[in-house]
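Hi everyone, thanks for coming. Today I'd like to walk you through some side-chain contacts, so please have the picture ready.

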Amino acid sequence: MLKTNIKLLLRSKGYLCCIFLIPILAVIIMNEDSSIAKEGGEQTNRIMEWKSISDTADMENIKLTVKVYDYSESDVSSYLLQELAQTNTYKLYLVNNSKEPEKESYEDILKDAKKTMESSTIRAILYIPEDFLDAIDKGEEAPIKIIKGYDDSRIGLLESNIEWYCSKIHNANEAAIENGDNIETVLNKMAEEELDKNIIMLKDEDSVVLNEGQQNDRSRIGYALSFLIISFVFSGVFIVDILIKENENGTINRVKLSLTTNRCYIMVKLCLILLTAIIQVIVFGVGIALTMGTNVGIPYSAFLGMVLLQGILFNFISLVIGVLFNNFLGTIFFSFTLWSFTSLLAGLYFPVIPGSTIERISMFTPQRWFIKSTEMFMTGKKGAFTQYTLIFLAFMIVLFTISMISLKIQEKE
């Protein structure tokens with residue numbers, strides 16, 4: 001029976017789409033950086049990159065727009081720009097010097113500044129000279145120049161921020177000299193120490209606040225999981241289609257005459273579900289490893305393990321819905337509604353407010369436990385995978401019981 005069911009599934013184009021195409025779409029979603037607004041041009045993190053000195057495209061008025069000439073092109077100047085970008089107060093547009101025939105002089109930049117700020121929403125121009133790193137090494141004041149356009153109180157804030165981050169760079173330089181390291185190494189250590197301070201305990205001990213990088217990782221995982229779940233749900237629907245056809249053409253009756261119990265019949269379908277989920281996770285896991293590596297914010301093996309359990313669960317949920325409805329179209333409609341409602345409720349698209357009524361209701365959804373376990377991994381809490389496995393088993397026991405009761409009722413009818 002298992003071999004026959006597998007052959008029937010492989011003939012279905014929809015089933016093949018669910019086990020191959022949709023997991024690949026989830027891989028594409030995972031590769032999207034949720035912290036970067038793709039607004040044209042080339043960009044690194046939150047710093048826009050322009051292809052020429054006269055480029056003034058892709059700008060917005062919400063943040064203070066600053067055109068940046070980084071002639072230092074050092075790791076230290078990149079650190080300064082990234083710190084400014086992460087304040088979410090400025091939108092930085094970095095001129096790509098490698099695409100310019102030759103670097104513009106400071107005098108040329110001054111001449112271009114007026115024209116640039118009159119013809120665009122640029123409000124300031126930041127000039128980092130080539131001797132920026134040398135000045136830092138000598139312990140001198142950073143020779144950064146800010147060319148102001150119009151009166152804007154945010155420019156004063158920009159000056160304060162630059163002064164603050166330059167003082168951090170000076171401190172890092174002094175520490176590097178004292179310890180015999182280079183300044184880039186010290187800055188990297190400082191950044192790592194800041195990332196370690198990623199958990200803030202609230203009134204509820206289980207509630208955490210993730211740092212920006214972890215929030216981005218959680219968002220990507222949530223979006224990808226939503227795509228994977230619709231893949232799991234509909235692959236389960238195609239397994240249900242086989243079950244319904246077997247019921248209609250009398251296959252189930254013939255199976256019962258062969259002394260096969262309902263439990264054995266369900267176990268065959270569970271084997272189909274397990275095989276389907278394994279293939280889907282392999283496609284997804286290989287795709288992730290090839291495109292972005294194994295750094296997904298949590299241990300990769302645990303991540304794929306939780307995805308596999310989620311796949312088995314949602315395939316089985318579709319099967320149980322099919323047993324209850326015994327109607328293909330009804331199963332499709334209810335499964336899709338369940339996927340969309342639970343994904344929204346569980347916080348796959350946006351964070352759920354801790355302690356709220358929505359969070360309490362969301363605890364009845366498997367996706368919410370997936371996200372909670374993911375957050376536990378990110379913040380270094382122990383027992384995340386064990387907790388998720390126990391929740392998975394609880395859901396499976398309930399669903400298996402429902403399916404057996406439903407089959408018993410149908411048998412009596």
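Let's start with a term we will need throughout: a residue is called buried when its relative accessible area is under 20%, exposed when it is over 50%, and partly exposed in between, using a 1.4 Å probe and protein chains only. A word on the source, too: this is a predicted model, so local features need pLDDT of at least 70 and side-chain atom pairs count only at pLDDT 80 or more, while totals for chains, interfaces and linings use all residues. Residues are numbered from 1 along each chain as its sequence is written, and side-chain values use heavy atoms, with hydrogens and water left out.

Now to the aromatic rings. Rings of Phe, Tyr and Trp (for Trp, the six-membered ring) pair if their centres lie within 6.5 Å; planes under 30 degrees apart are stacked, over 60 edge-to-face, and the rest tilted. That rule gives 7 aromatic pairs here. One of them joins Phe325 and Phe334, a tilted pair with 5.3 Å from centre to centre and 40° between the planes. Phe325 is partly exposed at 40%, and Phe334 is partly exposed at 37%.

Next come Phe336 and Trp339: their ring centres are 5.3 Å apart and their planes sit at 45°, so this pair is tilted. Both belong to helix 12 (residues 328-346), 3 residues apart, or about one helical turn. Helices here are DSSP runs (H or I, at least four residues), numbered from the N terminus.

On to charges. Side chains of opposite charge can pair when their charged atoms come close. We call it a salt bridge when a side-chain nitrogen of Lys or Arg is within 4 Å of a carboxyl oxygen of Asp or Glu. How many are there by this rule? The count is 5 salt bridges.

In one of them, Asp217 meets Arg220 at 2.7 Å, N to O. Both lie in helix 8 (residues 212-248), 3 residues apart. Asp217 is buried at 18%, and Arg220 is buried at 13%.

Another salt bridge brings together Glu375 and Arg218, 2.4 Å from N to O. This pair links distant parts of the chain, with Glu375 in helix 14 (residues 366-378) and Arg218 in helix 8, 157 residues apart.

Conventions: Helix = DSSP H or I, 4+ residues; strand = E, 2+ residues; numbered from the N terminus.
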